[in-house]
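Biologist: Hi! Could you walk me through this model? I'm new to reading structures.

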Amino acid sequence: MENKRILLIEDNPEMRENTAEILELANYHVLTAHNGKEGVQLAHHEKPDLIICDIMMPELDGYGVLHLLSKDDHTANIPFVFLTAKAEKNDYRKGMTMGADDYLTKPYDDVELLNAVEIRLKKSERLKGQFTRTAEGLDEFIHEAKSFDLITKLAEDKKTKTLRKKETIYTEGSFPSNVFFLQKGKVKAYKSNDNGKEYITELYKEGDFFGYLDLLQGESYQETTISLEKSEVAMIPKDDFFNLLQGNREVATKFIKMLSNEIKDREERLLQLAYNSVRKRVAQALVMLVQRYQEDRSKPFSMAITREDIASMVGTATETVIRTLSDFKEEKLVDMKGSLITVLDYEKLSRMRN
């Protein structure tokens, strides 16, 4: 395995050499910078696994280094440890507010240094990884974020609610107070027009977070969410959610990526809704169900879902969906028994929607 690369930014020659020597003896590859400006340039060019930076430096101090690196997507998620001869709480708070991951107060010994480096690298790797999309995965995700010493009771305060089929979680127009994590079951999100007609905007599966977009925007919910079957959701209070995002950059980046993917998916579906035929849109809806709720696409997929819900996904009348599904059944693309729909030919439906 390739040795982890650490960028050490320190203007004091003796401190820089001693710290670099300790890290090299521990088999880290060490890059050194004599000042903040040089450190920023090296960080952009080398993309190290971790940065250790002195605060009090001429030209560009440690806070300036962190500020500049945090503005660049390529360096914003690199774990950042401050070195300081000061131990005042105000300095500690300022650094953590800006996004630093840890502090080392001079003088420090080799054990303190190596422990701090090892812990930050491990946490960074685990937060970059894919957590299991289960209740245990949520606990692991929360535990890792919590271990940054900025969250104290998030995991303990996590409340779980069991939902009956067709039970409302939150309604359009209400104000958000939680972020939700779907532990079991299936949930739909939909918007209603003035006539009460629904359009399904999203389908959530086990392991999905939802309800965070409106919370981030500080607006009332723009849609209603309802369970499609018996489900379980974990509720994270909004204050803890914001602490989670503000507490470290890796966790914030995860949610940003989730948000970006969600917006991209919705834009694509809206384009298809505007330009595709009803037949293609029904095929798209069935493909979406398979993609959301089954990993093995080579096997037939079955799900109990009303024709009304499919019509809400497609943006057409229920009667039109029923006729189209009947055509698909004759073509042996799907099978239907009551509300249970089985997708028999996922590949052909996928090609049809394009």
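**A chat about salt bridges, strands and a helix**

Modeller: Happy to! Let's start with Lys-186, which counts as buried because its relative accessibility is 17%. Keep in mind that this is a predicted model.

Biologist: Which residue forms a salt bridge with Lys-186?

Modeller: That's Glu-229, and the closest N and O atoms are 3.3 Å apart. Glu-229 lies in the loop between β12 and β13 and Lys-186 in the loop between β8 and β9, so the pair ties together parts that are 43 residues apart in sequence. Glu-229 itself is partly exposed, with a relative accessible area of 28%.

Biologist: Switching to strands: what covers the picture for β12, are its faces buried or exposed?

Modeller: Both faces of β12 are covered. Thr-224 and Ile-226 are buried on one side, and Thr-225 and Ser-227 are buried on the other.

Biologist: Which strands pair with β12?

Modeller: Strand β7 pairs with β12 in the antiparallel sense over two bridges, with Thr-168 partnering Ile-226. Strand β9 also runs antiparallel to β12, joined by four bridges, and there Tyr-190 has Thr-224 as its bridge partner.

Biologist: And what is the order of the strands in the four-stranded open sheet?

Modeller: The order is β6-β13-β8-β11, with antiparallel pairing. The edge strands are β6 and β11, since each pairs on one side only. Between β6 and β13 there are five bridges, and Thr-162 has Glu-232 as its bridge partner in β13.

Biologist: Now helices. Why is α12 described as largely enclosed?

Modeller: Seven of its eight residues are buried, so helix α12 is largely enclosed by the rest of the structure. Among the buried ones are Arg-307, Asp-309 and Ile-310. After α12 comes Gly-315, whose phi is positive, near 80 degrees.

Biologist: Last one: which residues form the negative surface patch?

Modeller: Glu-14, Glu-17, Glu-21 and Glu-24 form that patch. Glu-24 lies in helix α1 and counts as partly exposed because its relative accessibility is 45%.

Note on methods. Residues numbered from 1 in each chain as written. Predicted model: local features only at pLDDT ≥ 70, side-chain atom pairs only at ≥ 80, totals over all residues. Heavy atoms only, no water. Patch = residues over 30% accessible without salt bridge, like charges linked within 9 Å, V, L, I, M, F, W, Y side chains within 5 Å. Areas by Shrake-Rupley, 256 points an atom, 1.4 Å probe, with all protein chains shown as cover. Salt bridge = Lys/Arg side-chain N within 4 Å of Asp/Glu carboxyl O. Lys, Arg positive; Asp, Glu negative; His and termini not counted. Charge placed at Lys NZ, Arg CZ, Asp CG, Glu CD. Buried < 20%, exposed > 50% of the residue type's maximum accessible area, 1.4 Å probe, protein only. Pairing = 2+ DSSP bridges.
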